[in-house]
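Dear colleague,

Please find below the structure that I am handing over to you, together with its sequence. My notes on what was found follow it.

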Amino acid sequence: MNFRTICFFYILIWFVSISNLFASEEGSLIVRNFYPNVYDGGSKIYSVVTSSNGLMYAGDKNGIIEFDGENWVKIVTGFPMHSLALDVNNVVFAAGREGIGFLERDSINRLKFHSLNHLVTGYINSNMFVNAEVFRIGDEILFVVDNKLVIYSQTKIRIIEGTNRIGLAQRIDDQLYIYAPKSGLFRYLRGEVTRVLSLDKVKGLGLCGLIKSPEGLVIFGKNGRSFLLDDDKLVDFDVGFGSFVKEHFLQGIQQLSPDSYVLKTFYDGLLLVNGELEVVKQINQSGNLINNTVFGVDLDSYGNLWVGTSAGISVLRQELPFTVYNTQSGIGTGYTAARFNKDIYLGTSHGLWRKRTDQRNEHDFELLFPGHVFGLTVIDDILYLGHPSGIYSIEKNRIEPVVHQPGGMVIKKVPFQENRYLTNTTNGLLVLQKEKGESGKRLIQSGFLEGKNREIHNFEFDSLGNVWVEYDNGIYRFNWEKPEKKRYYQRVGKENRLKKVRSIESKLYFIADSGVYCFNDDNQEFYEPNLLRALNSNKQNTTNIIGESSDKIWVLSGEQLRLYQIKDGVLYQSKNQPFRFIDGSYPIGFENVHQMSDSTSLIGCEDGFYYYEDKAYSTGTYSSVIIRNVNLSSHSKGKYNVWGDISDGNDSYWLKITEPIDHTDNSIEFTFSAGSPNYNKVYYQTYLYGYNAKWSEWSRNNSREFTNLPSGDYRFVVRAINDAEEYSKIAVCEFEILPPWYFTKWMMFVYVLVFLLIIFMSVFLVRYTISKAKSRLEKQQKEEAIKLDQQRTQEKLTSDKELIRLRNEKLRSDNLHKAKELANLTFSLIQKNQVLTDFKDELEQVKHYSETNKLVTEDLRRLIRKVNKGIDKEENWEVFEDYFDTVHENFFIKLKKKFPELTSKDLRLCAYLRMNMATKEIAPLMNITVRGVEIGRYRLRRKLELDRNVNFTSFLNRF
């Protein structure tokens with residue numbers, strides 16, 4: 001590189017740096033300060049580091065402080081911690097006055113310090129660790145201790161020892177530059193130490209820092225000189241802010257990102273420089289930094305700049321599109337602002353301030369006029385100032401009175417009057433007009449228009465020559481030509497009070513208690529305009545509207561400010577707006593927004609102004625919610641912590657409680673935090689899967705307790721949103737609550753078995769009972785059937801008996817009749833046979849006497865044969881047998897069956913004997929003699945095998 005190129009590069013860098021330092025319209029970064037009484041530690045914060053999971057660690061005089069965005073935790077080591085570093089797993093390594101070590105979490109998530117002094121055993125002396133530092137280079141942790149590098153990794157420990165004490169060590173990218181005043185400049189890379197510059201080239205340099213630029217490595221000395229490393233040579237290289245380095249006693253340079261560096265000073269805060277050696281911003285106490293002596297700086301992964309100073313910790317949010325117009329002592333409440341002569345003028349409760357855009361420091365404000373300044377208006381290159389003591393003009397740095405009474409909050413040109421202006425005062429509306437003369441610019445008092453002794457807040461003009469005036473009790477209207485004729489409008493409807501009138505692009509809008517309206521001149525009524533109908537439908541309770549430009553309006557709803565875009569006559573809320581970050585900071589009743597350019601505005605607040613740049617801003621994930629503690633409590637154990645395994649992914653933080661929780665300890669409390677990037681208000685929302693039906697409401701409370709949870713598997717989920725409307729990643733905790741012993745799996749198995757047994761027994765008993773009942777029922781039914789059958793049988797028997805009785809009676813009657821007939825028949829037969837016998841006997845006698853006469857004898861014999869034939873006539877017997885069998889049922893059949901050898905004569909004799917007929921009565925019937933009957937009886941007794949003592953009639957009655 002030749003001298004001409006170096007000079008040209010120097011001039012370019014100097015010009016860019018000067019232009020950045022001396023031309024700034026932006027305000028100070030928003031700063032949050034933490035004092036020692038907040039974190040309960042030492043005032044000097046030597047080092048700060050931030051982890052990827054949202055925790056900030058700071059080294060102070062007693063050890064290490066941890067901050068999670070909500071709570072501070074002290075890890076006492078007993079000696080100052082000067083240097084901190086994080087490895088790839090977010091483990092904190094520390095180097096302090098009396099040793100080195102690391103932090104490790106125990107089983108219940110408490111941090112404990114573990115010393116690594118044993119790694120340098122044999123070399124330790126009282127001063128060895130005084131200036132010890134620790135760095136992460138790649139996957140390795142490097143401790144710089146006296147004249148040694150202690151390289152610590154999970155696989156091995158190595159010590160590289162030099163001959164001279166190390167005076168400075170600085171990390172750039174993944175390299176460590178080491179400066180030993182008596183040895184030279186070295187570089188550690190991939191386990192090897194190489195010399196960059198020999199001693200003769202750095203001797204007397206007093207090296208205090210390095211920056212890697214596009215031209216090469218730039219080396220800064222404490223005397224303010226800077227050099228460019230060209231091969232192995234140092235070439236003078238003035239960066240343009242060398243005087244800053246020389247004047248403010250540079251304490252060191254630290255790389256924040258591959259393309260940004262911070263210069264730390266003892267007396268004037270810090271300077272942010274990019275990789276092109278351009279000054280980005282100076283931050284010191286004038287910009288609300290807690291102290292100008294800076295020890296440690298770290299840029300977290302969400303754009304927050306953490307600064308450790310000699311008075312505490314400051315944190316600055318760099319990515320927000322807001323900066324602050326204020327000083328540490330305060331410029332007052334911001335009421336009005338205006339750009340005038342390239343400078344910015346601010347009207348506040350403390351007076352009129354000027355911020356010069358060509359001023360070196362953006363924190364410098366010049367007080368020009370004390371007191372309340374509530375109106376600034378630029379007319380024809382003259383700035384008019386509204387003040388409680390009157391209206392003043394500012395021209396060519398001269399402040400002169402215009403009106404000697406309070407007023408000037410609003411000064412507006414009368415559209416239908418040439419060179420006339422109208423302003424409000426505490427005594428009504430005052431007309432101003434341009435003075436006559438050579439200048440013809442300056443406004444002078446012309447006279448009151450109307451409204452004397454009436455406090456007027458605002459007024460607007462319509463296209464019909466009317467003036468609409470806003471006062472305490474509503475709005476009234478008058479015509480410019482006839483101001484004495486007024487019409488008052490106090491309400492839209494019965495209870496909807498009118499409060500404000502605003503003009504946006506020559507159209508009047510009226511703000512009421514519940515909505516925004518326009519006025520129809522034809523029917524003299526208020527109506528909802530299509531453009532702002534969305535505001536009314538959303539019930540935002542609009543309190544003010546500020547028209548910034550033809551396509552933008554600001555809308556205030558209570559303490560909330562929102563920016564809307566107007567496109568094709570439709571109102572859209574601008575997306576990704578972080579205005580929630582500044583909600584609640586506006587001066588209520590005096591809300592104001594002032595457009596500085598097409599994309600920038602000044603927003604009045606209670607502490608000065610916010611400078612807002614309307615640019616693309618992502619309200620995406622800003623941090624990861626961390627579950628800090630899981631507390632259990634029970635009557636027997638009290639309150640105690642549990643912990644488990646952590647998995648920290650890109651989208652969520654997972655904690656799994658290792659051991660199941662006993663059912664007696666199921667009062668569980670979760671404590672959580674949105675992480676150190678949350679140094680403003682944050683709201684949390686929780687959900688317990690397996691228990692809750694929906695997400696909880698947003699709350700500032702960073703803990704959630706559940707009691708008497710039933711047994712089962714649960715997943716506790718928490719998420720957060722901050723005041724910049726940025727959402728966090730979710731945090732999840734999985735845990736299991738054990739059932740009581742009587743609800744364990746084994747007992748459930750036993751219960752199932754018992755239950756099945758009970759079911760089986762129940763089924764068996766039911767079936768047995770049903771069977772018994774069925775048997776009993778069947779038996780009962782059978783018995784009833786039997787009884788019924790018996791009853792029916794009995795009834796049938798009774799009926800049959802009755803029938804039999806009737807039959808028997810009939811039979812008896814018939815038998816009696818038959819017996820009578822039989823008797824009659826028998827008697828008639830006996831008589832007939834007796835007659836025939838007698839007749840035969842007589843014929844026998846006649847025959848005897850007529851034997852001589854053969855013819856007569858033959859006739860007598862023929863007659864005797866006819867008589868015998870008549871006595872033995874078969875028909876007579878058949879009739880008798882029929883009657884006898886009817887009276888004595890089946891007598892012959894039974895007797896024949898018993899005694900088959902009986903002849904028909906025997907049966908006839910038995911029938912006569914059964915009828916108890918005498919021998920003499922039987923003889924005629926059988927046509928035999930009495931002797932023949934007796935012989936027949938004798939023979940018959942033998943056939944019947946009857947004893948002589950057995951009565952014949954009694955025996956035959958059995959059949």
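Predicted model: local features only at pLDDT ≥ 70, side-chain atom pairs only at ≥ 80, totals over all residues.

Two strands pair with β35. On one hand, strand β34 (residues 375–379) runs antiparallel to β35, and the two are joined over 5 bridges. Within this pairing, T377 stands opposite Y384 of β35. The two strands form a hairpin with 2 residues between them, and D380 in the turn has a positive phi of about 50 degrees.

On the other hand, β35 also pairs with β36 in the antiparallel sense, over 5 bridges. Here L383 has I394 in β36 as its bridge partner. β35 and β36 likewise form a hairpin, with 2 residues between them.

**Aromatic pairs**

The structure holds 53 aromatic pairs. One of them joins F369 and Y392: the ring centres are 4.9 Å apart and the planes stand at 50 degrees, so the pair is tilted. An angle over 60 degrees would be needed for edge-to-face, and one under 30 degrees for stacked. F369 belongs to strand β33 (residues 366–370) and Y392 to strand β36 (residues 390–395), so this contact ties together parts that are 23 residues apart in sequence. Both partners are buried: F369 has a relative accessible area of 16%, and Y392 has a relative accessibility of 14%.

A second pair to look at is that of Y691 and F706, whose ring centres lie 6.0 Å apart with the planes at 85 degrees, so the pair is edge-to-face. Y691 is found in the loop between β64 (682–689) and β65 (703–706), while F706 is in strand β65 itself, so the pair ties together parts that are 15 residues apart in sequence.

**Charges over rings**

Two cases may be of interest to you when viewing the model. The charged end of R715 sits over the ring of Y689, at 5.0 Å from the ring centre. In the other case, the charged end of K355 sits over the ring of Y325, at 5.6 Å from the centre of that ring.

A probe the size of a water molecule, rolled over the atoms, shows where empty space is left. How many cavities of 30 Å³ or more does the structure hold? There are 3 of them. The second largest cavity contains about 50 Å³ of space. Its lining is made up of R317, F581, P677, N678, Y679, N680, N722, D723, A724 and E726. By residue type, the lining of this second largest cavity divides into 4 nonpolar, 3 polar and 3 charged residues.

With kind regards

Key: Residues numbered from 1 in each chain as written. Heavy atoms only, no water. 1 Å grid on protein atoms, 1.4 Å probe; cavity = no way out; pocket = protein on both sides within 12 Å on 5 of 7 lines; lining within 4 Å. Points joined across faces, edges and corners; volume = space filled by probe spheres on them. Nonpolar A, V, L, I, M, F, W, Y, C, P; charged D, E, K, R; others polar. Phe/Tyr/Trp six-rings, centres within 6.5 Å; stacked < 30°, edge-to-face > 60°. Helix = DSSP H or I, 4+ residues; strand = E, 2+ residues; numbered from the N terminus. Buried < 20%, exposed > 50% of the residue type's maximum accessible area, 1.4 Å probe, protein only. Lys NZ or Arg CZ within 6 Å of the ring centre and 35° of its normal. Pairing = 2+ DSSP bridges.
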